[in-house]
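Please have the sequence and the coordinates to hand while reading.

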Amino acid sequence: MNAQSSFKKELAFTIIIILFGIILLFLDKWNTLGFVRSGISYSMGPVSLVGEEMGDKISSYFDNFVNIGDIVKENEDLKVQLIEEKIKSASSLELLAENEILKTQLSLKNKEKEYVIGNVLTSDSTDYIRIDEGSKSGIAVGDIALVGNFFVGIVEYVDELGSRIKLPTSTNSYLSVNILKYDENRGLDGYIKNKVVSRGVMNGSAEGIKVENITMNSDVSEGDVIFVNDSSVGDMLVVGYVVGLSSNPASISRTCFVSTIVDYDILSKILVRIN
Amino acid sequence: MLEALYIIIGIIGAIFLEGFLFSAFGIRIFLLLILLLVGRLNIKFLSLILIIYALISDVIFHYPLGTDILLVGIPLIFLFSCSFLFNISEGIVGYGIKYISIAIYLLLIPVLPPFLLSGSFGILTWETALMIGIKALVLTVVLYLLDLLLSFTRGKENNIKISKKWN
């Protein structure tokens with residue numbers, strides 16, 4: 001009975017409070033309680049804000065926890081998408097490289113010759129490279145591998161679906177070369193029309209590609225251009241520049257090394273000229 | 001004087017806790033706190049705390065001043081009205097009525113403030129109603145556990161008086 005009388009009192013207080021609340025609503029509607037709002041906002045706002053920020057962090061954590069299945073699925077989808085994009089990107093790069101090499105070849109004068117384009121396969125050897133085209137594509141031993149006007153090597157072994165190309169870096173490679181003066185003003189023609197300053201024999205060595213038998217009193221200097229001029233190659237193809245020219249007056253000939261224009265290690269596609 | 005300090009610290013702590021729980025789980029604990037204090041605190045003190053807390057809540061949640069008093073007042077009227085028929089202090093019936101009070105409070109939160117702000121009631125879907133039912137159940141369980149915890153604490157009236165008899 002006591003408890004019931006106690007709740008009667010509380011009920012009465014609650015009704016009074018509600019009435020007070022309704023009065024507050026009207027007062028606030030008439031904008032007479034702005035000072036109360038400002039005071040509370042300044043003093044208690046930050047307290048609530050700190051709590052809300054902490055709550056937000058917990059909430060996002062729980063959201064992630066609840067949606068972990070969706071997140072995992074999304075992650076898997078993204079992985080697949082990424083792989084697809086990588087494949088597309090790799091294909092594009094492949095096409096780009098092929099396009100580049102064909103454009104280079106088309107800009108040359110020897111368009112009438114027949115070429116086979118091949119992908120360079122990974123090889124640990126510095127003496128040769130392998131490509132994924134062989135006798136099925138018409139490649140035969142002795143064919144010349146090149147990129148544009150740059151000499152790459154000579155096909156030394158062919159099977160149905162692949163070929164091995166001997167590079168100038170090979171110790172078994174011996175080729176006659178011409179050394180020409182470089183003329184900046186005359187461009188590519190400058191190499192051809194200028195006189196040959198010396199001839200030599202190019203072969204691979206442990207130190208690099210070496211040119212020997214350069215005439216002692218010739219006007220060869222660093223930076224001159226080395227062309228392959230060998231019966232096994234046919235065309236005048238560029239190999240690189242003269243570097244490390246020897247200057248021993250007691251020798252009967254001079255030697256130099258070749259700084260190749262294209263790095264053989266980074267070749268991805270080459271052309272093989274079919275005889 | 002000390003009571004005033006308790007009230008201020010308690011209100012600040014409760015505001016922080018409510019901000020945290022509302023952001024994290026969408027739960028408001030105002031009514032829960034009032035239900036905890038009913039019967040434990042003088043009704044005059046309780047009314048004062050309710051009004052101050054309600055005003056602060058109104059400002060923080062950007063409601064018109066007095067909204068929270070109505071939000072808490074309506075379920076409390078239901079609760080105290082039920083006290084004429086049932087014992088609301090304890091037992092399954094008591095906590096059942098408290099559950100309904102809390103559910104009414106949580107139901108009013110999305111409905112009443114929009115009405116007072118714009119004149120149209122807020123939208124209430126079955127999903128929201130289900131969530132309210134679950135939240136009310138959780139809060140009732142929490143209320144029961146807190147009641148249980150507070151019943152173990154020693155009040156002034158339960159002090160054991162030790163006396164020594166000198167021969």
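How many salt bridges are counted between chain A and chain B? The count is zero, and this holds for a predicted model, in which the area buried between the two chains is about 3,300 Å², with carbon and sulfur atoms giving 81% of that area.

**The interface of chain A and chain B**
- On the side of chain A, F7(A), I17(A) and L25(A) lose the most area to chain B, and together they make up 18% of what that side buries.
- In terms of contacts, 35 residues of chain A touch 38 residues of chain B, and four residue pairs are found in polar contact across the interface.
- The elements of chain A that each give two or more residues to this side are α1 (2-29) and α2 (34-66), with α1(A) giving the most, at 18 residues.
- Sorted by class, the side of chain A that touches chain B holds 19 nonpolar, eight polar and eight charged residues.

**Aromatic rings**
- Over all chains, the search finds seven aromatic pairs, and one of them is the edge-to-face pair of F22(B) and F61(B), with 5.0 Å centre to centre and 85 degrees between the planes.
- This pair links distant parts of chain B, since F22(B) lies in helix α1 (residues 2-25) and F61(B) in the loop between α3 (43-60) and α4 (67-82), 39 residues apart.
- F22(B) is partly exposed, at a relative accessible area of 31%, whereas F61(B) counts as buried, at 15% relative accessibility.
- Together with Y63(B), F22(B) and F61(B) form one aromatic cluster.

Technical notes: Residues are numbered from 1 along each chain as its sequence is written. Chains are lettered from A and ligands numbered from 1 in the order in which they are written. This is a predicted model: local features need pLDDT of at least 70, side-chain atom pairs count only at pLDDT 80 or more; totals for chains, interfaces and linings use all residues. Side-chain values use heavy atoms; hydrogens and water are left out. Contact means heavy atoms within 4.5 Å. Buried area is the accessible area (1.4 Å probe) that two parts lose on being put together, summed over both. A salt bridge is a side-chain nitrogen of Lys or Arg within 4 Å of a carboxyl oxygen of Asp or Glu. A polar contact is a pair of N or O atoms within 3.5 Å; within protein, one must be able to donate a hydrogen and the other to accept it, and residues adjacent in sequence count only if both atoms are side-chain atoms. Helices (H or I, at least four residues) and strands (E, at least two) are DSSP runs, numbered from the N terminus. Ala, Val, Leu, Ile, Met, Phe, Trp, Tyr, Cys and Pro count as nonpolar, Asp, Glu, Lys and Arg as charged, and the others, Gly among them, as polar. Rings of Phe, Tyr and Trp (its six-membered ring) pair if their centres lie within 6.5 Å; planes under 30 degrees apart count as stacked, over 60 as edge-to-face and the rest as tilted. Buried means under 20% relative accessible area, exposed over 50%, partly exposed in between (1.4 Å probe, protein chains only).
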